Amino acid sequence: MTAATRKPFTGRHMLAIMIAFFGVVIAVNFAMATLASATFSGVVVRNSYVASQQFNQWLDHAKAAEALGWQAAAVREADGRVAVSLKGVPAGAQVRADAWHPLGQRADRALSFVRAADGRFISAAPLPAGRWTIRIEVSAGGRSWRTEEPIS
């Protein structure tokens, strides 16, 4: 092609390039925002001001619970029930837990436990398959202790 047969670069060409560029940027942003909001609600606490007023109290509770030296380990049994093994906990302990899905795709579930003959605590109902975080609360001797365990 010679210079005389080339079409000149006009404002329409520039407009088409700008529309295509910003169209791709907007489409990608929309797709990412849709995926982000579908997998995480963004709510960590219901009221951040109230949570900030309780923060030091939460730290004090955490230090007191850590000083107890209690430990828990949760595993999923073959039948889907959750088994919790405790260490350093006095006799007569009570265990309860809440299971929540890390991505919020499933509803939270409250778990109740019964003590097995081997000393472990076994949930009364099975937990559906998938990744869960188990928030375990142990009460014994007028004291309580909490921990979180991931479970698959």
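Biologist: Where does valine 84 lie?

Modeller: Valine 84 sits in strand β2, residues 82–87. Strands (E, at least two residues) and helices (H or I, at least four) are DSSP runs numbered from the N terminus. Keep in mind that this is a predicted model, where local features need pLDDT of at least 70, side-chain atom pairs count only at pLDDT 80 or more, and totals for chains, interfaces and linings use all residues. Residues are numbered from 1 along each chain as its sequence is written, and side-chain values use heavy atoms, with hydrogens and water left out.

Biologist: Is valine 84 buried or exposed?

Modeller: Buried means under 20% relative accessible area, exposed over 50%, partly exposed in between (1.4 Å probe, protein chains only). Valine 84 comes out at 0%, so it's buried.

Biologist: And which residues does valine 84 touch?

Modeller: Contact means heavy atoms within 4.5 Å. Leaving out residues up to four places away in sequence, valine 84 touches Ala72, Ala73, Ala74, Phe113, Arg120, Phe121 and Ile136.

Biologist: How many aromatic pairs are there?

Modeller: Rings of Phe, Tyr and Trp (its six-membered ring) pair if their centres lie within 6.5 Å; planes under 30 degrees apart are stacked, over 60 edge-to-face, the rest tilted. That rule gives two aromatic pairs. Phenylalanine 21 and phenylalanine 22 have ring centres 5.0 Å apart and planes at 80 degrees, so they're edge-to-face. Tryptophan 70 and tryptophan 145 also pair edge-to-face, 6.5 Å centre to centre with 65 degrees between planes.

Biologist: Why does the tryptophan pair tie together separate parts?

Modeller: Because tryptophan 70 is in the loop between α2 (48–68) and β1 (71–76), while tryptophan 145 is in strand β7 (residues 143–151), parts 75 residues apart in sequence. Both tryptophan 70 and tryptophan 145 are buried.
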